[in-house]
Amino acid sequence: MFEKYPKEQRYTLSILQDLQKEYNYIPKEKLIELSEHLGIPLSKLYSMATFYKALSLTPKGKNIIKVCDGTACHIRSSRSLLDEIQNTLGIKPGETTKDGKFSLETVNCLGSCAIAPVMVINDKYYGKLTSSMVREILKEYGGADDE
Ligand code: FES
């Protein structure tokens with residue numbers, strides 16, 4: 001898929017972003033192919049892929065949940081939101097559910113401190129959250145059992 005790019009190192013990041021978009025992570029085989037295509041050492045590609053937060057070397061879930069744990073959110077109990085998600089989905093920050101539906105991450109500020117505590121699922125923002133709201137929201141994404 002990256003054959004459309006000239007064999008120039010300045011396209012490395014764009015190609016990595018394309019791979020991330022296509023596979024939802026960067027498969028090792030693709031990294032090897034890219035290393036051969038651009039003539040860049042594999043180790044350099046690995047360090048780029050681990051440096052940029054938007055890139056991942058392990059498969060990510062279909063839905064990416066980002067819980068803000070910045071100061072404004074922290075003092076408004078972002079930890080209890082995290083606990084709720086961890087208990088409901090059985091994953092910790094940095095992990096993905098076995099069914100590939102969800103990945104959980106924490107971030108330092110989502111730029112929406114006025115509506116703290118905040119989380120984002122994919123590109124959708126949810127503010128002024130409580131644990132029970134989180135549970136309802138997860139249900140909408142098929143991540144919590146109806147009781
Ligand atoms: S600290 Fe959470 S949105 Fe800013």
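Across which strands does α5 lie, and at about what angle does α5 run to β1? Helix α5 lies across β1, β2 and β3, and its direction is at about 150 degrees to β1. Axes here are lines fitted to C-alpha atoms, for helices over the stretch in contact, and angles run from 0 to 180 degrees between N-to-C directions.

## Basis of the model

This is a predicted model, in which local features need pLDDT of at least 70 and side-chain atom pairs count only at pLDDT 80 or more, while totals for chains, interfaces and linings use all residues. Residues are numbered from 1 along each chain as its sequence is written.

## Overall architecture

The protein has 6 helices and 4 strands. Helices (H or I, at least four residues) and strands (E, at least two) are DSSP runs, numbered from the N terminus. Read from the N terminus on, the order of elements is α-α-α-β-α-α-β-β-β-α. Along the principal axes, the C-alpha atoms fill a box of roughly 50 × 30 × 20 Å.

Of the 147 residues, 21% are buried. A residue is buried if 20 or more other C-beta atoms lie within 10 Å of its own, exposed if 12 or fewer, and partly exposed in between, with C-beta atoms placed from the backbone. Among contacts between residues at least 6 apart in sequence, 60% join residues at least 24 apart. Two residues are in contact if their C-beta atoms, placed from the backbone, lie within 7 Å.

## The sheet

The 4 strands form an open sheet in the order β2-β1-β3-β4, with mixed pairing. Its edge strands are β2 and β4 (124-126), each of which pairs on one side only. On average, neighbouring strands of this sheet are turned by 20 degrees against each other, direction ignored. Two strands pair if DSSP finds at least two bridges between them.

Strand β1 (residues 63-68) runs parallel to strand β2 (residues 102-107), and 6 bridges join them. Within this pairing, Ile 65 stands opposite Leu 104, and Val 67 has Thr 106 as its bridge partner. Strand β1 is also joined by 3 bridges to strand β3 (residues 119-121), and these two run antiparallel. Here Lys 66 stands opposite Val 120. In a regular strand, side chains alternate between the two faces of the sheet.

## Helix α2 against helix α3

The axes of α2 (residues 28-38) and α3 (residues 42-51) come within 9 Å and cross at roughly 125 degrees. The two helices are therefore oblique to each other. Angles under 35 degrees count as roughly parallel, over 145 as roughly antiparallel, 65 to 115 as roughly perpendicular and the rest as oblique.

Leu 31, Ile 32, Leu 34 and Ser 35 in α2 meet Leu 42, Leu 45 and Ala 49 in α3. By class, this contact has 6 nonpolar, 1 polar and no charged residues. Ala, Val, Leu, Ile, Met, Phe, Trp, Tyr, Cys and Pro count as nonpolar, Asp, Glu, Lys and Arg as charged, and the others, Gly among them, as polar.

## Helix α5 and its surroundings

The axes of α5 and α6 (residues 131-140) come within 9 Å and cross at roughly 40 degrees, and the pair is therefore oblique. Ser 80, Leu 81, Glu 84, Ile 85 and Thr 88 in α5 meet Ser 131, Val 134, Arg 135 and Leu 138 in α6. This contact has 4 nonpolar, 3 polar and 2 charged residues.

Asn 87 also lies in α5 (residues 78-89). Asn 87 is exposed because 11 other C-beta atoms lie within 10 Å.
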